[in-house]
Protein chains: 2
Amino acid sequence: MSKPTIKVLAKELGLAVSTVSKALRDSHEISQDTKDKVLKLAAQLNYIPNPYASSLRRQKSRTIAVVIPEVADSFFSIAINGIEEVAREKGYHVLIYLTHESLERETEILNEFKSGRVDGLLISVTRDTCSGTHITEAIEAGLPVVFFDRMCEDIKAARVLTDDYESSYQATRLLIERGCKKPAYLSISPNLSINQKREAGYLAAVNEAGIETSQARIISCDGPDDKITEQILILLRQPNRPDGIIASVEKLVPPVYFACKELGINIPEEIRLIGFTNLTASPILNPSLSTVTQPAFEIGKTAAALLFKGIEKTSFDLSREKLIIPSQLQLRDSTL
Amino acid sequence: MSKPTIKVLAKELGLAVSTVSKALRDSHEISQDTKDKVLKLAAQLNYIPNPYASSLRRQKSRTIAVVIPEVADSFFSIAINGIEEVAREKGYHVLIYLTHESLERETEILNEFKSGRVDGLLISVTRDTCSGTHITEAIEAGLPVVFFDRMCEDIKAARVLTDDYESSYQATRLLIERGCKKPAYLSISPNLSINQKREAGYLAAVNEAGIETSQARIISCDGPDDKITEQILILLRQPNRPDGIIASVEKLVPPVYFACKELGINIPEEIRLIGFTNLTASPILNPSLSTVTQPAFEIGKTAAALLFKGIEKTSFDLSREKLIIPSQLQLRDSTL
C-alpha cells in the first residue's frame, strides 16, 4: 500500500480533505466525534503528517515566508519592514520570495514549502494567481496563510487590506471638485481584485458627478517603464485628452510625469494628477504629488501579527479574519 | 569521541582548516598528496561533510541566498532583479534576507545556512560585518560566496563592485567646476569600505582643487529620515554653510531636498546637489537630480553569474574573482 496521505484518509472516511486537515489540527470547527475517527484511522494507517501541518510538527522552522510580486515598489518595501518588526519580536526569520507576476513561479515557491521550510505565509498575489489552486492546497494542508494587499476573493483565507474602493472614490471626487471634467483611470493589472475595487470607486465618483464614462479613459498599461510612457503619450495626444489622472499604482507615476514633460502639458494647470504611492519623494517631485498613501507599515505589521496568532493558536480560525486599514489622501501641488 | 569536524581533521593532520576544506572540495590549489591524506583520515574518522560543502552534497537545494541590509533602496531592488534573471535561467530559487544593518541578524542568517538551505550566497554586508567571523567561516566550510556593492576588504572572497572612488571623484570635480568652493560630503555608514572609497574620491578632488578640507563638511548622518533631515538642517544653518553637496547614498537625497525647502535655499542657485542613486524619480524631482547612477542590474547579474560558476565548477577558484563595473554620472538641473 502506498504512503497514506490526507487525501487517502479523507476518501476512506468519506470526509472532505479540509475536514480531515482541520481534525488533525484539532480545529474547533470539527466535532470531537469526527476528530476521534480521523485520529484512529491516521494511527491505523501509520499516517505521517505533512511537515507543515503546524500543530503536529515536532520541529518548527521558525521562519515565515513573504511572497510578493516585486520589491521595486515602496508599498512592498515598507510593508516588509512592518512584517520584519513583528517577526523579530517573535524570534522568527523572514524569507522574501519574488514572483515577478508569474503564476508559475508562485506555484513553484508554494510547492517548495511542502518540505516544511516555513511555518506560515504572507502573500500578495500575482495578477494570475486566482486561477490557480496552489494557495487553497497549501491552506488545506495546514499552512497558515494571510493575504495582504493583493488577494483572491474566492479563497477563504485571512486578509489585511486597505479601503481601495473608498480611497479611489475620494481621490476621483477630489479631481472632480477641483474642476476635472474628464478624469482618466490608469491601472496595470486589471484582473486584480484591488484594481477592480479602485476602478469601481473611480466609476462611482464619475457617475455620481454626472460625467459620461468613457472606456477611452480607463486605461490598462503594461510592460516596462518606457512602454508605459508610450501608452500614456498615446492617451495624452488624443484631441479629447483627459484633464485629470488617477495613477492607481506607483509604477505609473514617473511615466505620467515623463509623458506630460515631453508634451509640454502642465501639471496641475492642464492636467491634475493623483497617485497611489508611498514614495518618500512625492513631496519633492515637480510639482509635488498628491497621493493616496497606503498604511503600508501597518498592513505589514497587522498581517504578520495575525499570521503568528494563526501559527501559535490552533484553536484560532485564521481564515475568518478580515481587517481593513484605511488609506490617507495627501494633497499637494499636483491637484491644486 | 565526539563527531569529527573539519577542525578535528585539520588539527590531527597539522593543516589549516581552509586547506582541509579545499582538499575535501578537490580544489586545484591543493596537492594530490595532501588531498589523499585528508580523504584517508576523513574516511577513518567517519567524517560527515557539512551539508553545504557543495561538491560533496548529494542533494542540492537549488536555492541561492541574497543577504542585504534593506530593500527600500533602488540599488538593491534593481540588483535583485539582475540576480533573479540569472537564477531563473539556471532554474534556481532566490531567497532574500534582510539584515537591517544588524551584524547579529546577519550572523544568525548565515548560521541557518549550515543546514544546507542554500547552495551559494550573494551578500552586501552590514556596516559592522567586517568585525565578525561568520562570513569567513561560511567560506571555509565550502559555501560559495560573492560580495556585491558592500564588502569586507580583508575577506578573501569574490566581489563585484562599482568604481566608488572614481565616480565620487568625478562628481566632486563636477561641483567644483560648476563653481562650488565649499562642497560637503554626506554619508550614512562611515566604516563601510564603499563609503571610505567615496570619501577618498571626494577628498582627492577637493585637495586637487586647492580647497581647504574641513571636517565640518564631512558629515555622517544616522537614524530615521526625519533625524537625518534635522542633521542636514544643522549643517545648512551654519553661517559658513556648504555650497555643494555629495549625497553618497540614496537615503540622504529626500532629506537634503526637505531641508533646503524648509530653509528656502535654492538648488542649484545657492547649493548644488549630486546624489548616488538609481531612483526612477530623479529626472522628475524639483529640481531634477544629477546622479551617480550605479550599474545595479549589471552588478546583480554579474555577481549571480559568478556565483553560479563557483557552484558549478569546483575547480574554479571563486575567491580570486574581482570585477568592477563603472557607474555613470547623469547631469540634470541640480548641478546647473
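Is Gly116(B) buried, exposed or partly exposed, and why?

## Gly116 of chain B

Gly116(B) counts as partly exposed because it has 17 C-beta neighbours inside 10 Å, where partly exposed lies between buried (20 or more other C-beta atoms within 10 Å, all placed from the backbone) and exposed (12 or fewer). Gly116(B) sits in the loop that joins helix H5 (103–112) to strand S3 (120–123) of chain B, and its C-alpha is 8.1 Å from that of Lys60(B), 56 residues away in sequence.

## Basis of the model

This is a predicted model, in which local features need pLDDT of at least 70 and side-chain atom pairs count only at pLDDT 80 or more, while totals for chains, interfaces and linings use all residues. Residues are numbered from 1 along each chain as its sequence is written, with chains lettered from A and ligands numbered from 1 in the order in which they are written.

## A sheet in chain B

Chain B holds an open sheet of 6 strands in the order S7-S6-S8-S9-S10-S12, with mixed pairing; strands are DSSP runs (E, at least two residues), and two of them pair if DSSP finds at least two bridges between them. Strand S7 (218–220) and strand S12 (328–330) of chain B are the edge strands, each pairing on one side only. Within chain B, strand S6 (residues 183–187) and strand S8 (residues 244–247) pair in the parallel sense over 4 bridges, and Pro183(B) stands opposite Gly244(B) in S8(B).
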